[in-house]
Amino acid sequence: MSIRTSQGPQFARIMSVGGSRGSRVVDNAEMCTMIDSSDEWIQQRTGIRERRWVADGETALSLGSAAARTAIERAGLEPNDIDAILVSTVSHYMQTPSMAAVIANELGMTAPAAVDLSAACAGFCYGVGMADSMVRTGSATYVLVLGVEVLSDYIDIKDRSTAFLFGDGAGAVVVGPSDSPAIGPTLWGSDPTQHEVITIDDWREERPDGEGPFLHMEGRQVFKWATTFIAGKAREALDAAQVSPEELDVFIPHQANNRITDSMLRHLKLPASVVVARDIVGMGNSSAASVPLAMEALLESGDATSGQTALMIGFGAGLVFAGQTVLLP
């Protein structure tokens with residue numbers, strides 16, 4: 001007896017991208033009324049000038065739904081054309097149902113596969129890798145991949161080392177069939193020995209002050225890991241796609257810190273012609289949403305164009321990483 005397996009098109013591609021950002025703009029001057037810091041120090045350490053936080057009435061669900069609608073419309077599709085929805089988030093307050101299922105309902109979808117991913121800042125690139133496989137194996141024709149975060153809810157304003165870092169937003173792409181190669185192999189993995197370097201408090205813990213749960217991060221350890229180990233993995237993602245640094249058009253790393261990005265550029269030895277995403281300057285670190293938001297910003301500004309070759313890589317709590325070389329939608 002043999003079991004029939006599913007089979008789809010040979011190639012998949014990112015068809016479109018959409019984003020949504022918290023509407024409250026918090027610049028460094030305002031931030032420094034909350035923490036003991038300065039605009040100069042924040043910019044020197046991270047590159048951040050301002051960050052976007054949700055305003056009254058905005059939620060992870062509203063941001064995610066808006067980004068998803070934009071991506072679906074730009075792909076020339078209707079919500080019910082989507083076969084599966086993958087959502088990377090740490091900003092969903094319910095263990096079940098998944099945010100993917102809730103967003104699917106919000107968009108009026110009737111029967112998509114729906115699942116949340118927990119891969120922190122690497123989650124979007126994890127989702128693209130999974131969507132690529134789903135399309136090429138025939139288990140789905142169109143997959144919606146989202147990164148959705150409202151990290152302002154997890155900020156400990158008493159922790160001056162992290163409070164200024166994070167922003168709120170959502171980014172989405174539609175992955176579908178392609179006539180030619182457009183998504184390279186996904187390089188992913190983890191260093192589980194460092195799983196306690198970035199954490200969010202256990203929801204079950206009682207907190208006498210009624211605050212939290214809060215996000216905690218050992219910044220020096222994360223910086224060292226990202227500027228050494230992850231920089232090497234970014235090069236491996238290029239090599240896996242058989243793309244040389246000279247052939248690359250755009251570099252879209254997770255928007256964690258401009259100093260990390262600069263270190264990666266030195267390691268990769270990318271030519272000056274490569275466009276580098278610096279969305280962190282006006283957005284802050286939006287975790288799983290940062291790569292798709294940075295992609296959309298480059299395309300909307302004209303700094304990048306459809307069809308260009310881009311290297312994406314995400315890295316964060318776990319510690320986990322994922323990246324791939326793609327053609328921009």
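This is a predicted model: local features need pLDDT of at least 70, side-chain atom pairs count only at pLDDT 80 or more; totals for chains, interfaces and linings use all residues.

In β14, valine 320 is the bridge partner of serine 190. The strands involved are β8 and β14, the latter spanning residues 320-327. They run antiparallel and share four bridges.

Now widen the view. β8 and β14 belong to an open sheet of five strands, ordered β8-β14-β13-β11-β12. Its pairing is mixed. Which strands stand at the edges? They are β8 (187-190) and β12 (275-276). Each has a single partner strand, so one side of each lacks a neighbour in the sheet.

Helices come next. Helix α5, residues 123-137, lies across β8, β13 (309-316) and β14. Its direction is at about 55° to β14. Helix α9 (residues 290-301) also packs on this sheet. It touches β11 (250-253), β12 and β13, and makes an angle of about 150° with β11.

Turn to another open sheet. Five strands line up as β1-β7-β6-β4-β5, again with mixed pairing. The edges belong to β1 (11-21) and β5 (113-117). Each of these pairs with a single strand, so one of its sides has no neighbour in the sheet. How far are neighbouring strands turned against each other on average? The value is 15°, with direction ignored.

Inside this sheet, take β4 and β6. Strand β4 covers residues 84-88 and strand β6 covers residues 143-150. They pair in the parallel sense over five bridges.

Helix α3 (residues 60-74) lies across β1, β6 and β7 (168-178). It runs at about 135° to β1. Helix α4, residues 99-106, touches β4, β5 and β6. Its direction makes about 125° with that of β4.

Last, the cysteines. How many disulfides does the structure hold? The count is zero. Cysteine 125 shows the spacing: the nearest cysteine sulfur, that of cysteine 121, is 11 Å away.

Is cysteine 125 buried or exposed? Its relative accessible area is 1%, so it counts as buried, the cut-off being under 20%. Cysteine 32 has a relative accessible area of 22% and is therefore partly exposed.

Technical notes
Residues are numbered from 1 along each chain as its sequence is written. Side-chain values use heavy atoms; hydrogens and water are left out. Two strands pair if DSSP finds at least two bridges between them. Helices (H or I, at least four residues) and strands (E, at least two) are DSSP runs, numbered from the N terminus. Contact means heavy atoms within 4.5 Å. Axes are lines fitted to C-alpha atoms, for helices over the stretch in contact, and angles run from 0 to 180 degrees between N-to-C directions. A disulfide is a pair of cysteine sulfur atoms within 2.5 Å. Buried means under 20% relative accessible area, exposed over 50%, partly exposed in between (1.4 Å probe, protein chains only).
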